[in-house]
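Please look through the structure below before reading on.

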Amino acid sequence: MTTHTPPSSPTRTAHDGLTLPATGFGTYRLNGFEGIHAITSALRVGYRLIDSAYNYENEGIVGRAIRESSVPREDIVVTSKLPGRHHSYDQARRTVEESAARMGLDYIDLYLIHWPNPSQGQYVDAWRALVEEQRQGVVHHIGVSNFLPGHIELITRATGVAPAVNQIELHPYFQQRAQRAYDDAHGIITEAWSPLGRANTMLKDRTISAIAEKHGISPVQAILRWHLQIGDVAIPKSTNEGRQRANLDLGGFALDRQDMDAIADLDNKQGRSFGQDPRWHEEA
Ligand code: A2P
């Protein structure tokens with residue numbers, strides 16, 4: 001059993017024993033000196049789950065922030081993801097090892113296949129590679145991102161190993177009830193990417209603003225509290241230390257039934273922010 005939790009943060013546990021804090025830190029578009037500053041600050045204010053990807057081109061600074069942090073390595077769970085162009089078995093294995101070397105870490109806690117890229121038809125090979133890297137100890141836990149139930153069934157049947165995590169687009173405008181139910185039934189932790197949706201639009205949403213006002217909190221806190229209450233792991237990103245702290249500060253209030261019902265009504269089958277449907281989206 002692997003536990004990575006800041007004190008008092010709620011957790012989620014997968015079928016393989018992986019335990020994650022309910023709120024982690026996203027690093028998409030955090031690069032260079034600004035990136036390292038933001039990640040260092042996130043670790044300092046209490047984030048213990050740091051989400052990266054080979055394609056974010058920031059594994060170097062993520063690893064450096066972790067290595068230079070006073071937080072013990074074993075208290076942190078760092079995630080990276082396999083890009084679509086490296087799904088063949090040999091390339092996938094080399095890419096995982098590259099990620100660990102770029103981070104300058106002996107192991108990566110959690111490694112995900114970034115997208116299934118179904119037209120390429122190699123995600124089962126990629127999964128076999130992750131299973132082997134896990135066996136070798138280069139990664140401790142393995143999972144997927146943007147996988148539909150059919151994709152998960154296939155990789156699980158081929159290897160006998162089910163993913164610990166499925167990271168998907170998930171926010172009040174795109175609530176993914178069916179996928180979440182599938183993940184729950186299989187002991188797979190659902191992680192939410194883009195948890196604030198298009199932050200600029202959603203932060204002005206009338207329903208969310210009204211809920212925030214009622215509880216004396218910000219719209220972002222209302223959205224993140226919704227994530228907490230539906231049971232996923234959200235990975236909001238912020239470059240600002242005050243907002244990083246606020247995004248972790250979700251314990252002093254709760255959304256009631258009426259609030260949850262009002263947010264449930266915001267769900268929209270066309271609500272993807274960038275139209276990236278895993279049935280045909282191809283990630284390079
Ligand atoms: P900032 O970094 O200036 O805080 P994404 O959807 O890609 O995760 O991006 C999240 C966006 O939401 C970022 O632009 C971030 O801006 C903004 N954001 C994160 N937390 C907050 C917050 N508490 N209040 C307002 N904006 C926020």
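Is Ile108 buried or exposed? Ile108 is buried, with a relative accessible area of 0%, where buried means under 20% relative accessible area, exposed over 50%, and partly exposed in between, computed with a 1.4 Å probe on the protein chains only. This is a predicted model, in which local features need pLDDT of at least 70 and side-chain atom pairs count only at pLDDT 80 or more, while totals for chains, interfaces and linings use all residues. Residues are numbered from 1 along each chain as its sequence is written, and side-chain values use heavy atoms, with hydrogens and water left out.

Ile108 is found in strand 7; helices (H or I, at least four residues) and strands (E, at least two) are DSSP runs numbered from the N terminus. Leaving aside residues up to four places away in sequence, Ile108 touches Arg73, Val78, Ser80, Val96, Ser99, Ala100, Met103, Val138, Val139 and His140, a contact being heavy atoms within 4.5 Å. Ile108 and His141 are 33 residues apart in sequence, and their C-alpha atoms are 8.2 Å apart in space.

In helix 3, the buried residues are Ala92, Thr95, Val96, Ser99, Ala100 and Met103. Seen down the axis of helix 3, these buried residues fall within an arc of 135°, so they line one face of the helix; the arc is that of the directions from the helix axis to the C-beta atoms. The face turned away from the buried side of helix 3 carries the exposed residues Arg94 and Ala101. The buried residues of helix 3 pack against helix 2 (59-68), strand 6 (77-82), strand 7 (108-113), helix 4 and strand 8. Just after helix 3, Gly104 takes a positive phi of about 70°.

**Helix 5**

Helix 5 (residues 149-159) has His151, Ile152 and Ile155 buried. Seen down the axis of helix 5, its buried residues fall within an arc of 95°, so they line one face of the helix. Their packing partners are helix 4 (123-136), strand 8 (139-145), strand 9 (165-169) and helix 6 (177-185).

**Cavities and pockets**

Rolling a probe the size of a water molecule over the atoms shows where empty space is left. On a 1 Å grid over the protein atoms alone, a cavity is a set of points where a 1.4 Å probe fits but cannot get out, whereas a pocket is an open set with protein on both sides within 12 Å along at least five of seven lines, and lining residues have an atom within 4 Å of a point. Grid points are joined across faces, edges and corners, and a volume is the space filled by probe spheres set on the points. By this rule there are two cavities of 30 Å³ or more.

| Space | Volume |
|---|---|
| Largest cavity | about 70 Å³ |
| Second largest cavity | about 40 Å³ |
| Largest pocket | about 720 Å³ |
| Second largest pocket | about 370 Å³ |

The second largest cavity is lined by Arg180, Asp184, Thr190, Ile230, Gly231 and Asp232. The largest pocket is lined by 25 residues, of which Tyr28, Trp193, Ser194, Lys237 and Phe274 lie nearest its centre. The second largest pocket is lined by 15 residues, and the closest to its centre are Phe174, Gln176, Ala178, Lys269 and Arg272.
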